Each structure stands twice: as C-alpha cells, then as structure tokens.
Amino acid sequence: MVEVASEKFVVVVDDSKLVSDLGGSGLTMLVEMVQTPIKDSVAAGKEIMAFEGVVEHGLFLDMTIVVIIAGKEGVSVKSK
C-alpha cells in the first residue's frame, strides 16, 4: 500500500523480470494463471480485482515512473 500513497514509485529489477506478456515468464505469481500470454494487462488487472477477497494484484499498472533494470550488459533506466 506504500506505493499507492507515494508521490513517485521507482521499480528496481533484474532483466529476468522483463516479459512481453503476463503469464509468459514461467515465474511464480501470487495469483495462479494459466500459461497463456495476456496482451491486455489493464483488463487482466481489473478482472483479478473483481474476485471477492482480492486486495491487490501486484501488477503496478500505471504506477511506475522509473524502472531501473540490471542485467549482464549493465544497468539501464526506463522512464515514462
């Protein structure tokens, strides 16, 4: 909930977190998903939030201003 109240939200990740589609990374998510790439992350977030008892989905949609990505080639910064 801190990220919701923050003026700026900066994410720091390693390059293994980068995927073109949700569900396509093979990484574990708190919400179990079928391994089918999801193109519309906003719609997916709304559907997840519609389930009774769901407090947050952790997709950080439209919240990040800066993403710092560390990889084998070094560090890169992406801004909105």
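These are my notebook entries on a predicted model of one protein chain.

**Ground rules**

I number residues from 1 along each chain as its sequence is written. Since I am working from a predicted model, I noted that local features need pLDDT of at least 70, that side-chain atom pairs count only at pLDDT 80 or more, and that totals for chains, interfaces and linings use all residues, while side-chain values use heavy atoms, with hydrogens and water left out.

**Entry 1: confidence**

I checked pLDDT before anything else; it is the predictor's confidence in each residue, from 0 to 100. The protein chain averages 77, and 78% of the residues score at least 70. Which elements have the lowest and the highest mean pLDDT? Helix H1 (residues 2-5) has the lowest, at 70, and S3 has the highest, at 90. A reminder to myself: where pLDDT is low, the predicted coordinates should not be read in detail.

**Entry 2: the overall layout**

I listed the helices (DSSP runs of H or I, at least four residues) and strands (runs of E, at least two), numbered from the N terminus. The protein chain has two helices and three strands, and from the N terminus on they run α-β-α-β-β.

Next I looked at cover, where buried means under 20% relative accessible area, exposed over 50%, and partly exposed in between (1.4 Å probe, protein chains only). Of the 80 residues in the protein chain, 15% are buried. The chain exposes about 6,400 Å², with carbon and sulfur atoms supplying 58% of that area; the areas come from the Shrake-Rupley method with a 1.4 Å probe, and for residues only the protein chains shown count as cover.

I also looked up contacts, meaning heavy atoms within 4.5 Å. Among contacts in the protein chain with a separation of 6 or more, 40% are between residues 24 or more positions apart.

**Entry 3: the sheet**

Two strands pair if DSSP finds at least two bridges between them. By that rule I have three strands in an open sheet, ordered S1-S2-S3, with mixed pairing. Strand S1 (10-14) and strand S3 (74-79) stand at the edges with a single partner strand each, so one side of each is left without a neighbour in the sheet.

How do S1 and S2 pair, parallel or antiparallel? S1 and strand S2 (residues 66-71) pair in the parallel sense, over five bridges. I found Val 10 opposite Val 66 of S2.

S2 and S3, on the other hand, pair in the antiparallel sense over six bridges, and they form a hairpin with two residues between them. Here I noted Ile 68 opposite Val 77 of S3, and Val 67 with Lys 78 as its bridge partner in S3.

How many of the six residues of S3 are buried? The count is zero, so I wrote S3 down as hardly covered.

**Entry 4: Ile 69 in S2**

I picked out Ile 69, which lies in strand S2. Ile 69 is buried, with a relative accessible area of 6%. Leaving aside neighbours within four places in sequence, Ile 69 is in contact with Val 13, Asp 14, Asp 15, Leu 18, Gly 74, Val 75, Ser 76 and Lys 78. Val 13 is 56 residues from Ile 69 along the chain, yet their C-alpha atoms are separated by 5.1 Å.

**Entry 5: the loop between S1 and H2**

I looked up two residues here. Lys 17 sits in the loop between S1 and H2 and counts as partly exposed, at 48% relative accessibility.

Ser 20 is found in the loop between S1 and helix H2 (41-50). Ser 20 is exposed, with a relative accessible area of 72%. The C-alpha atoms of Ser 20 and Ile 38 are separated by 9.0 Å, the two being 18 residues apart along the chain.

**Entry 6: the two sides of H2**

Which residues of H2 are buried? I found Ala 44, Gly 45 and Ile 48.
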